[in-house]
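Biologist: I would like to learn how to read the pockets of a protein model. Please start with the terms, then go to the case.

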Amino acid sequence: MCLDIGDKRIGVAVSDPFNSYSLPVNTYTRKNLKTDLAYMASLAKEKSATAFVCGLPVNFDGTASVQTEKARFFIEKLKDATGLTVYSVDERCTTCEAEETLIAQGKTRAERKAVVDSLAAANILQGFLNEKNIKER
């Protein structure tokens, strides 16, 4: 299961059972840390997730930002709350790619806002799966 962690929303995506491709699930609107973690733990159980892949927002030059530290904090709490392995991966440009895809599909601003985070999570997860599958060959 993959998370695109933001201050207001968290995009969620999952992989197929064979870890070949990613699928957007939903965009969760954040409440508070305790509720957010409980929701993610419940969803992971529902989806039979064995690990999390979380996008780590870094600056274009690869250095850490305020958002990087916020995501790292959430990731540590997620590990504690679920006991699952959490992989952190560079998420540079994934939201922009998702936004461009939705614009190309003719989605309105409101339609894009509703799904852009879950599509960004799917982009993050697909990159992770592609890299993992190449290494395993």
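Modeller: Begin with residue classes: Ala, Val, Leu, Ile, Met, Phe, Trp, Tyr, Cys and Pro count as nonpolar, Asp, Glu, Lys and Arg as charged, and the others, Gly among them, as polar. Note also that this model is predicted. Counted this way, the lining of the largest pocket holds 11 nonpolar, 4 polar and 3 charged residues.

Biologist: Which residues lie nearest the centre of the largest pocket?

Modeller: They are Met1, Ser15, Asn19, Thr50 and Ala51, out of 18 lining residues. The space in this pocket is about 370 Å³.

Biologist: Which elements each supply at least two residues of that lining?

Modeller: Strand 2 (9-15), strand 4 (51-56) and helix 4 (109-136) do. Helix 4 gives the most, with 4 residues.

Biologist: What is the volume of the second largest pocket?

Modeller: About 320 Å³. Its lining also comes to a list of residues, 18 in number, and Asp4, Pro57, Glu91, Thr94 and Thr95 are the ones nearest the centre. Two or more lining residues come from strand 1 (2-5) and from helix 3 (94-104).

Biologist: Which element gives the most to the lining of the second largest pocket?

Modeller: Helix 3, with 3 residues.

Biologist: How many nonpolar, polar and charged residues does the lining of the second largest pocket have?

Modeller: The classes there are 6 nonpolar, 5 polar and 7 charged.

Notes:
Residues numbered from 1 in each chain as written. Predicted model: local features only at pLDDT ≥ 70, side-chain atom pairs only at ≥ 80, totals over all residues. Heavy atoms only, no water. 1 Å grid on protein atoms, 1.4 Å probe; cavity = no way out; pocket = protein on both sides within 12 Å on 5 of 7 lines; lining within 4 Å. Points joined across faces, edges and corners; volume = space filled by probe spheres on them.
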